Amino acid sequence: MKIIFKPILLLIVAIILLTACEKEGEEVLQYSYHDVAASWYYYGGDEKDIFMVSLLQQQNNVTIDSVSMGDTLTASNSIREFLLTFSYPEKNTTTRVVLTNITDEEAHITELDSVVNLRENRNLSFLKMSANDAVTLYSGSNNSGVENPSVYSAAKYQFYYNEPDLPDSVRLVFYNLYDRGKPYSIDSLNQPALYSLVVHKGQFSNYIELDRGDDIHNKMVYFFQLKDAKTSEIIQDIKLLNKNLNLNTASGYSASITGNPLLLKKGNIYITSDKFITAILYKSGSKYKDKTLFSTEWVNNVDY
């Protein structure tokens with residue numbers, strides 16, 4: 001049987017649907033769905049420890065919606081990242097964030113219970129540098145009160161380390177190299193050094209600003225030389241393992257800086273993917289490496 005809807009019938013159906021979506025005297029909340037990116041770093045943690053991150057949308061202290069990460073997060077000396085898809089009212093983006101140690105199924109321990117505004121930043125980072133430290137939650141990055149880079153093609157970087165094998169302070173000396181393809185030569189490093197930065201163990205360094213405005217094809221690769229800040233002794237030099245191996249295998253390759261490319265925006269304006277990056281130095285095998293701990297993107301509606 002073929003059913004034909006007349007215009008008047010469609011109007012009646014529409015009125016019924018609109019009425020069903022409203023409550024007398026109450027405003028119907030409009031929800032939107034967003035991906036929330038979270039990263040977790042636990043230095044020196046027990047590999048048996050298991051944690052769970054939960055986002056809770058509440059009204060009058062009553063949870064009306066919640067989501068937890070899709071998989072358990074085991075503590076390790078590497079950064080773990082995951083995405084959560086979460087819905088919340090467009091007019092109320094305040095969300096409760098709870099980090100729970102669920103290693104003991106019968107005795108869950110709340111490590112952190114805080115509130116964030118997902119409208120301001122949906123990149124959450126959890127940092128715990130030792131078993132005795134409290135968990136610190138960063139929304140976006142550790143850049144409160146820091147001015148934006150001077151140009152859109154630049155970014156600001158800071159570094160952190162807590163490696164027991166390193167001295168109390170180190171100096172990072174940064175260089176770059178234009179990638180023209182194999183074979184590679186370390187003699188192609190641009191001279192002089194781009195920047196020199198002192199980092200104290202267990203402390204976030206100051207920010208440095210690096211502009212890659214001329215690198216519109218993202219061919220520039222960045223490296224760091226690692227020195228003892230007090231004695232100037234070279235702890236790790238920049239070395240290629242083989243001239244035919246990719247540059248990311250070299251000692252001193254900077255993954256955090258190289259991995260922040262230029263993006264083409266409207267009006268032929270190039271802008272870095274992230275305007276702030278906090279990177280951590282860590283030891284992998286016999287080499288010291290860096291990786292992004294947390295970052296902050298330029299806002300999408302930036303005024304050009």
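**Close-up views of a predicted model**

**View 1. The open four-stranded sheet.** Four strands form an open sheet in the order β13-β10-β18-β19, and the pairing is mixed. Strands β13 (208-211) and β19 (287-297) stand at the edges; each has a single partner strand, so one side of each is left without a neighbour in the sheet. On average, neighbouring strands here are turned by 35 degrees against each other, direction ignored. The structure shown in this and the following views is a predicted model.

**View 2. The pairing of β18 with β19.** Strand β18 (residues 274-284) runs antiparallel to β19, and ten bridges join the two. S284 has K287 of β19 as its bridge partner. Strands of a sheet pair through backbone hydrogen bonds, in either the parallel or the antiparallel sense.

**View 3. The pairing of β11 with β14.** Nine bridges connect β11 and β14, which pair in the antiparallel sense. V170 stands opposite D228 of β14. Strand β14 covers residues 220-228, and eight of its nine residues are buried, so this strand is largely enclosed by the rest of the structure.

**View 4. The hairpin of β14 and β15.** Strand β15 (residues 234-236) runs antiparallel to β14 and is joined to it by two bridges. L226 is paired with Q236 of β15 as its bridge partner. Five residues lie between the strands of this hairpin, where S232 takes a positive phi near 65 degrees.

**View 5. The surroundings of Y175.** Y175 belongs to strand β11, which spans residues 169-178. Its relative accessible area is 14%, which is under the 20% limit, so Y175 counts as buried. Leaving aside neighbours within four places in sequence, Y175 contacts a run of residues comprising L189, N190, Q191, P192, A193 and L194, together with V221, Y222, F223, Q225 and I238. One of these contacts, Q191, is 16 residues from Y175 along the chain, and the C-alpha atoms of the two are separated by 7.4 Å.

**View 6. The largest nonpolar core.** This core has 21 residues, and those with the most contacts inside it are Y157, F159, L172, F174 and L226. The elements that give two or more residues to the core are β10 (154-160), β11, β12 (195-200), β13, β14 and β18. Strand β14 supplies the largest share, four residues. Not counting residues up to four places away in sequence, L172 touches F159, Y195, S196, L197, V199, F224, Q225, L226 and L281. Another core lies apart from this one; it has 16 residues, among them A38, Y42, V53 and V135.

**View 7. The whole chain, for orientation.** The protein chain contains two helices and 19 strands. Of its 304 residues, 41% are buried. Among contacts in the chain with a separation of 6 or more, 67% are between residues 24 or more positions apart. The chain exposes about 17300 Å², of which carbon and sulfur atoms supply 48%.

Note on methods:
Residues numbered from 1 in each chain as written. Predicted model: local features only at pLDDT ≥ 70, side-chain atom pairs only at ≥ 80, totals over all residues. Heavy atoms only, no water. Buried < 20%, exposed > 50% of the residue type's maximum accessible area, 1.4 Å probe, protein only. Contact = heavy atoms within 4.5 Å. Pairing = 2+ DSSP bridges. Axes fitted to C-alpha atoms, helices over the stretch in contact; angles between N-to-C directions. Areas by Shrake-Rupley, 256 points an atom, 1.4 Å probe, with all protein chains shown as cover. Core = buried A, V, L, I, M, F, W, Y, C linked by side-chain atoms within 4.5 Å.
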